[in-house]
Amino acid sequence: MHFALRTIAIACLLFAFQLFPIGMEASADTPRPNVLIVMADDCTYNDLPMYGGENAKTPHLEELANQGLTFDRAFLAEAICQPCRAELYSGLYPMRNGCNWNHSASRGDIESMPQHLSRHGYRVGLAGKVHVSPRSAFPFEVVDGCDKNCVRNPTRPMQLDSIREFMDRDDAQPFCLVVALVEPHVPWVMGDASAYPPGKLKLPPNIGDTPETRSAFGRYLAEITYMDGQFGQIMSELDAVGKTDETMVLFTSEQGSQFPGNKWTNYNTGVHTGLIVKWPGVVAAGTRTDALVQYADVLPTLMDIAGAEPRPEAFDGSSFAGVLRGESDAHREYAYGTHNNVPEGPPYPIRSITDGRYHYIRNLQNENLYIEKHLMGIKGKGELNNKYWQTWVYQSFEQPEVLRLIQRYQLRPEQELYDLASDPYEMNNLIEDSSLTGVRQELSEELDRWMKSQGDPGSEQDTVETHRAAKNGEHRFGI
């Protein structure tokens with residue numbers, strides 16, 4: 001009798017270890033989900049219909065929003081591909097993870113999703129665009145199937161075999177898979193541009209209205225729809241392997257598009273990102289939240305959901321799992337922003353902060369002329385450059401409103417303050433509004449505190465020497 005009971009006990013124990021190997025914690029309330037993160041590339045958040053976009057057709061993303069929670073105040077620290085991905089994957093701001101510029105490198109001794117989540121039993125893979133380094137800091141399992149080259153013309157068709165295999169490999173072990181798509185990054189060549197006749201488009205107020213701009217904007221919208229179709233294919237694969245109900249899906253639009261005032265800036269249409277989360281049985285379907293969150297919060301949230309003990313010292317962000325579970329509609333008090341223009345153009349350092357309502361921007365060398373070489377310049381045959389900027393310059397005499405947009409982009413004041421609730425495109429600078437003196441002072445002081453806490457020297461960070469040192473793994477500043 002005792003032998004039989006002991007045998008049963010041992011069998012139960014072995015079964016438990018099979019379900020929850022060493023290092024894995026079982027939640028008393030909710031089983032740990034698989035995690036599927038799908039990223040667009042250079043997609044301005046409010047060009048998407050669920051954020052008020054009036055042009056783009058995205059039926060699959062709209063279905064996700066109907067099934068999940070849409071974050072109305074999600075931000076990233078730097079509106080450039082490499083820094084924002086390093087922040088997302090590490091839970092650390094650019095100064096602390098080391099990636100402050102495009103085409104640079106994070107610190108080699110930091111840890112990211114693969115190290116953190118694997119300790120809690122997750123398989124962690126990445127398909128598509130990588131654009132983070134060094135490998136020692138971001139040792140994702142490489143998953144084939146998506147184009148890694150964001151500037152290829154045309155983009156290679158998505159092959160789903162490897163993605164399917166990764167998701168379906170082991171039912172006893174949860175997975176975390178990042179699928180980093182390359183649309184709608186330039187060149188805008190994918191999708192059906194004829195679905196967006198230039199004359200019928202409604203341009204945002206921060207984009208100059210010229211025929212060439214309308215044509216480019218239509219091609220950009222076609223790539224958004226193409227990306228939406230890819231997202232739909234990935235969701236179909238998740239369903240085909242029977243893991244839809246046990247998988248948390250996060251979609252994010254990354255930073256803004258390659259139009260003036262979006263990507264490569266700290267304006268709202270640059271650092272504000274789309275974020276939609278579906279978690280069957282936990283996240284209430286078809287809901288929205290004003291909770292202020294940032295890319296640095298995503299990894300701590302996943303660690304919380306994985307059952308890890310809180311480690312505030314390990315991350316700059318913190319878990320918003322309570323928002324996902326409907327326990328709170330608030331998270332952080334401030335979201336922070338930074339921009340270092342090297343090597344995309346001459347130095348033009350920017351720092352910013354938002355409380356979700358007001359957005360304060362400080363241009364540290366505003367005496368300089370702002371230049372972004374990809375958007376404003378041309379190289380070779382110009383296959384990766386767009387001609388619309390030249391048409392803005394040409395029309396600047398006949399269209400005063402276009403001249404004002406050129407000036408807004410290249411000639412910036414030392415400080416800017418915007419009310420995002422009434423002015424999401426930030427066309428009306430309120431820095432001189434005496435009724436907002438208290439707001440300006442609060443945000444300015446908190447920005448100073450944050451920069452000091454990060455070891456951010458300001459202008460000295462945005463130099464050729466500092467960028468070169470970081471690429472060589474010899475970061476000059478930070479903590």
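The model shown in every view is a predicted one.

View A. Asp 42 is found in the loop between strand 1 and helix 2, the latter covering residues 59-67. The phi angle of Asp 42 is near 65 degrees, which is a positive value in a residue other than glycine. Most residues other than glycine have a negative phi, and most peptide bonds are trans. Because its relative accessibility is 1%, and buried means under 20%, Asp 42 counts as buried.

**View B. His 103, another residue with positive phi.** His 103 is placed in the loop between helix 4 (94-97) and helix 5 (113-118), and its phi is positive, at about 55 degrees, although His 103 is not a glycine. With a relative accessible area of 40%, His 103 is partly exposed, whereas Asp 42 is buried.

View C. The peptide bond from Asn 153 to Pro 154 is cis, with omega near 0 degrees, and Pro 154 lies in the loop that runs between strand 4 (141-143) and helix 6 (161-168). The peptide bond from Glu 183 to Pro 184 is likewise cis, here with omega near 5 degrees. Pro 184 belongs to the loop between strand 5 (175-180) and helix 7 (211-240).

**View D. Strand 6 and its buried residues.** Six of the six residues of strand 6 (residues 247-252) are buried, so this strand is largely enclosed by the rest of the structure. Thr 247, Val 249 and Phe 251 point one way from strand 6, while Met 248, Leu 250 and Thr 252 point the other way, and all are buried.

**View E. The pairing of strand 6 with strand 1 and strand 7.** Strand 1 (residues 34-39) is joined to strand 6 by six bridges, and these two strands run parallel; within this pairing, Met 248 in strand 6 is the bridge partner of Val 35. Strand 6 also pairs with strand 7 (residues 272-278), in the antiparallel sense and over four bridges, with Val 249 standing opposite Lys 278 in strand 7.

View F. Four strands form an open sheet in the order 9-10-11-12, and their pairing is antiparallel. Strand 9 (335-339) and strand 12 (415-419) are the edge strands, each of which pairs on one side only. From one strand to the next, the twist averages 15 degrees. Strand 11 and strand 12 run antiparallel and are joined by five bridges, and the bridge partner of Ile 361 in strand 12 is Glu 416.

View G. Helix 14, which covers residues 437-453, lies across strand 9, strand 10 (350-354), strand 11 and strand 12, and it runs at about 60 degrees to strand 11.

**View H. A nonpolar patch on the surface.** Leu 369, Ile 371 and Leu 411 form a nonpolar surface patch, and together they have about 260 Å² of accessible area. Ile 371 lies in the loop between strand 11 (358-363) and helix 11 (373-376).

How values were computed
Residues are numbered from 1 along each chain as its sequence is written. This is a predicted model: local features need pLDDT of at least 70, side-chain atom pairs count only at pLDDT 80 or more; totals for chains, interfaces and linings use all residues. Side-chain values use heavy atoms; hydrogens and water are left out. Patches are made of residues with over 30% relative accessible area and no salt bridge: like charges are joined within 9 Å, nonpolar side chains (Val, Leu, Ile, Met, Phe, Trp, Tyr) within 5 Å. Accessible areas come from the Shrake-Rupley method with a 1.4 Å probe; for residues, only the protein chains shown count as cover. A salt bridge is a side-chain nitrogen of Lys or Arg within 4 Å of a carboxyl oxygen of Asp or Glu. Two strands pair if DSSP finds at least two bridges between them. Axes are lines fitted to C-alpha atoms, for helices over the stretch in contact, and angles run from 0 to 180 degrees between N-to-C directions. Contact means heavy atoms within 4.5 Å. Buried means under 20% relative accessible area, exposed over 50%, partly exposed in between (1.4 Å probe, protein chains only).
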